[in-house]
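Thanks, everyone. I will go through a handful of local features, one place at a time. Here is the model.

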Amino acid sequence: MTDTESRVMPELTITDDGFRLDGEPFRIISGSLHYFRIHPGHWADRLRKARLMGLNTIDVYVPWNLHQPAPDAGLVLDAGLDLPGFLRLAAEEGLYVLLRPGPYICAEWEAGGLPAWLLADPDVRLRTSDPRYLDPVRRYFRLLLDQVRPHLASAGGPVVAVQVENEYGASGLRDATYLDTLVTLLREGGVDVPLFTSDQAGDLADGGVPGILRTVNLRGGVASGLRALRAHQPTGPLMCGELWAGWFDRWGGGHNARSVGAARDALDELLAAGASVNIYMLHGGTNFGFTNGANDKGRYRPTVTSYDYDAPLDEAGDPTGKYRVLRDTIAAYAPVPDEPVPAPGAKLVVEGVHLAERASLLAQADRLGTARPSAHPPAMEEAGQAFGFIQYETTLPAAGPGTLCLGEVRDRAQVFVDGQPVGTLEREHREHALTLTSPTAGARLTLLVENQGRVNYGPGLHDRKGIVGPVTFAGHPLTGWTCTPLPLDTLRPLSFGTAPVAAGPAFHRGTFEVAEPADTFLHLAGWTKGNAWINGFALGRYWSRGPQQSLYVPGPVLRPGRNEIVLLELHGTRAPIVDFKDAPDLGPAES
């Protein structure tokens, strides 16, 4: 691209017959990508590929929970959260931006982007006018909009429109005052570009705001969806706020895919109708670390690490067959750059990496978190914790058999007696009781609980983690607990060795050599469940139940020469060996 540092982006306006850009008719042809799911070293590459597909706009969520990890903190805007830097790159690529600041974003993201610290108050009513929720939103918007204003189109930046909330019509809350307040906060914060809402066709009535542009989210049923939009909005632009090009995966399911033909036909029908469109997703990326969300429509279902989404750009950012077909579809209605489709990026292969060093999690928990006494097991949020694991310990009152009963497990508890594993309880399977034998009075009971992802959609959004409710053994309440938050945001305090470690969760560490860094995929054949880090960068979760059997490793995470890999294996491995391959294993397709 030519130098665009001094470029002034035109402003978008809404008229009765459509969008206009500096007075000229304009159609938005957009694709979603999330800077927080992409290594910042790849941001420019993904934006360039968006332009080469024929898109003139990108659609971007903003995750409150990462940008403000504590209630009284300023915004985190470094590294992969440099939103202003990302917006500058979009402008340099000549792309407009639809900004979706939430505060709730869904996105199959942990808690839909809402910070865990909101849940320290068990009675807070999320996504409503409840001051315990709305006051923090006000503070957050003041901080965020200070960063956004210089990038609005009215200030010469790329942001041409801003969304109000996200799919509020599906929340069932119907708090019109809340939506009106968000509009006021955006306007008072200096957002003077058009605002819009985004809802599925059946939710348009409850998600809209009078005087604010409505858009409709669709997978298929384009004609009926546009009719529903016109029923609520007789004039103005027709726009599909999200055209779902694929879908996300959950642990224990298959890999979701949407046929190229179905995605092409829906896009073609929208463009033929004269509508604007945002393809969700152009590029899904990855739920790095502990950031995946979950669904609970009667049964808790956590989302996998990969957010490949069967999108036109795959998880590694390579164009797929869907990319080429959708590019050709766009070319029938709008100019597409006369440049070739980018070739796949280089991939790295390193096989047979041995992880020879070990460190017990239970034995070194005090190095990773600070223990604190509590009469009863506190929820993670009460302990000031968002992500990772939390360890609870107490003693069993007597020797002999008994049933251990937990109020609610949020989300997966491994149970140990005197350091020995005796069972696992999973929220997904509605498990809350386990029979065990206490070897002696005063035996140590340890519960290691994993937050597998807070619910991101629907009435289960108020999703506190850890142990919720009382714990009893043989019918007697257990008290006198010690609680140790284990966010695992750093592993530096760990002490590794080559000697065998006690049974139970353990970190495994190894090194491997790289001549020239490139993207790769960590394959974990023989491993059971846990988390992975490369050079301290948290790749995400793995689980043998699938469908995902590999983890994407961005090339910028690697360095020439020696690199470090650490796995936290919660159960056991056939052999402490991993492979880095040039292709992912996302599992079999969903039947």
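I begin with Glu108, which sits in the loop between β6 and α4; helices (H or I, at least four residues) and strands (E, at least two) are DSSP runs, numbered from the N terminus. Before going further: this is a predicted model, where local features need pLDDT of at least 70, side-chain atom pairs count only at pLDDT 80 or more, and totals for chains, interfaces and linings use all residues. Residues are numbered from 1 along each chain as its sequence is written, and side-chain values use heavy atoms, with hydrogens and water left out.

Back to Glu108. Its phi is near 55 degrees, a positive value in a residue other than glycine. Is Glu108 buried or exposed? Glu108 counts as buried because its relative accessibility is 8%; buried means under 20% relative accessible area, exposed over 50%, and partly exposed in between, with a 1.4 Å probe and protein chains only.

The loop between β6 (96-100) and α4 (131-148) also holds Pro103. The peptide bond joining Gly102 and Pro103 is cis, with omega about 20 degrees.

There is another cis bond to show, from Gly546 to Pro547, where omega is near 15 degrees. Pro547 belongs to the loop between β29 (537-543) and β30.

Leu488 has a positive phi near 55 degrees, and it is a residue other than glycine. Leu488 is in the loop between β25 (481-486) and β26. With a relative accessible area of 4%, Leu488 is buried.

Next, helix α1, residues 43-52. Seven of its 10 residues are buried, so the helix is mostly covered. Those buried residues are Trp43, Arg46, Leu47, Lys49, Ala50, Arg51 and Leu52. What do they pack against? The partners are β4 (29-33), β5 (57-61), α3 (83-92), β11 (276-283), α9 (321-331) and β30 (550-553), where contact means heavy atoms within 4.5 Å. After α1 comes Gly54, with a positive phi near 105 degrees.

Strand β26, residues 506-514, contains His508. His508 counts as buried at 9% relative accessibility. At 2% relative accessibility, Glu428 counts as buried. Leaving aside neighbours within four places in sequence, Glu428 is in contact with Arg250, Trp251, Arg299, Tyr300, Arg301, Pro302 and Arg545. The C-alpha atoms of Glu428 and Gly510 are separated by 33 Å, and these residues are 82 residues apart along the chain.

Last, the surface. Which residues gather in a patch of negative charge there? They are Glu11, Asp22, Glu24 and Asp192. Patches are made of residues with over 30% relative accessible area and no salt bridge, with like charges joined within 9 Å and nonpolar side chains (Val, Leu, Ile, Met, Phe, Trp, Tyr) within 5 Å. A salt bridge is a side-chain nitrogen of Lys or Arg within 4 Å of a carboxyl oxygen of Asp or Glu. Asp192 counts as partly exposed because its relative accessibility is 49%.

Definitions and conventions:
Accessible areas come from the Shrake-Rupley method with a 1.4 Å probe; for residues, only the protein chains shown count as cover. Lys and Arg count as positive and Asp and Glu as negative; His and the chain ends are not counted. The place of a charge is taken as NZ of Lys, CZ of Arg, CG of Asp or CD of Glu.
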